[in-house]
Amino acid sequence: MTGTKSILVIGGSSDIGHATALRYAREGWRVTLAARDIGAAQRNADDIKTRSGIETSVVALDVLQTGQLGGFVAGLSPLPDTVVCVVGELGDQSRAETDPGLATQIMRTNFEAPTLLLELFAQAFATRGSGTIVGVSSVAGDRGRASNYYYGAAKAGFSQFLSGLRNRLTLAGKVRVVTVKPGFVRTRMTAHMKLPAPLTVQPDRVAEDIFRADVTRPRDVIYVARRFRLVMAIICALPETIFKRMRI
């Protein structure tokens, strides 16, 4: 049992955050959900307690208030063993093309704020000498597409940040960094989309892969929808002259 260990889920009001926290709770981990929407996070916490028997804490955190991130991390006592960041916002690509404010929000939510927060955890974990950072990125960052290039660009930056952080912390001690690329996931964020069944997974599948990559079968980068690794390899290999004519 891992009952003395703890996990902090950043984005604890989300479907993936909920499923991930529940997966760890079922193994006896202490769970804290951090979210801007405290009401939604508390509902998730109540559900986790009912289904696992583990008391789940909820803390307020708006990652876009970057000036408060340092105080948030410093105020955690004790530091969690694992931090999972599932913060993200798909946004509306067509609106973002003409609305700089929305474009900025998409990029800040998916790249700037998560990287600043996880850097703080990286420093704290390195000082302690242990810890795992899990960042949920996206296959959308593997190559820019006309349908979501603001979101994709931000996730590309996030993936590169996690890669560089992993490289640095490998030399610093027993601190691990895991990059998760779920593919399509049936959540509230994608409820309006028609998703291809062979490339779509449920939140609990993402949660299971995160737990395995952290605890039972350590890995650095995981594609949850396995077929997406091949799909994106093909897409990334296409010459630009062909790719720019595709409607994807």
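Colleague: How much space lies in the second largest pocket?

Modeller: Rolling a probe the size of a water molecule over the atoms shows where empty space is left. In this predicted model, the second largest pocket holds about 220 Å³ of space.

Colleague: Which residues lie nearest its centre, and how many line the second largest pocket?

Modeller: The lining consists of 14 residues, and those nearest the centre are S6, T32, L76, S77 and P78.

Colleague: What classes of residue does the lining of the second largest pocket have?

Modeller: There are 7 nonpolar residues, alongside 5 polar and 2 charged ones.

Colleague: Now to a single residue. Is T109 buried or exposed?

Modeller: Buried means under 20% relative accessible area. T109 has 8% relative accessibility, so T109 counts as buried. You will find T109 in helix α5 (residues 100-128).

Colleague: What lies 2.7 Å from a polar atom of the T109 side chain?

Modeller: That is the backbone oxygen of Q105. Setting aside neighbours within four places in sequence, T109 also touches L64, V87, G88, E89 and P114.

Colleague: And for the chain, what percentage of the residues is buried?

Modeller: Of the 248 residues in the chain, 47% are buried. The chain has 9 helices and 9 strands. Among contacts with a separation of 6 or more, 70% join residues 24 or more positions apart. As for the accessible surface, the chain has about 12000 Å², with 53% belonging to carbon and sulfur atoms.

Terms used:
Residues are numbered from 1 along each chain as its sequence is written. This is a predicted model: local features need pLDDT of at least 70, side-chain atom pairs count only at pLDDT 80 or more; totals for chains, interfaces and linings use all residues. Side-chain values use heavy atoms; hydrogens and water are left out. On a 1 Å grid over the protein atoms alone, a cavity is a set of points where a 1.4 Å probe fits but cannot get out, and a pocket is an open set with protein on both sides within 12 Å along at least five of seven lines; lining residues have an atom within 4 Å of a point. Grid points are joined across faces, edges and corners, and a volume is the space filled by probe spheres set on the points. Ala, Val, Leu, Ile, Met, Phe, Trp, Tyr, Cys and Pro count as nonpolar, Asp, Glu, Lys and Arg as charged, and the others, Gly among them, as polar. Helices (H or I, at least four residues) and strands (E, at least two) are DSSP runs, numbered from the N terminus. Buried means under 20% relative accessible area, exposed over 50%, partly exposed in between (1.4 Å probe, protein chains only). A polar contact is a pair of N or O atoms within 3.5 Å; within protein, one must be able to donate a hydrogen and the other to accept it, and residues adjacent in sequence count only if both atoms are side-chain atoms. Contact means heavy atoms within 4.5 Å. Accessible areas come from the Shrake-Rupley method with a 1.4 Å probe; for residues, only the protein chains shown count as cover.
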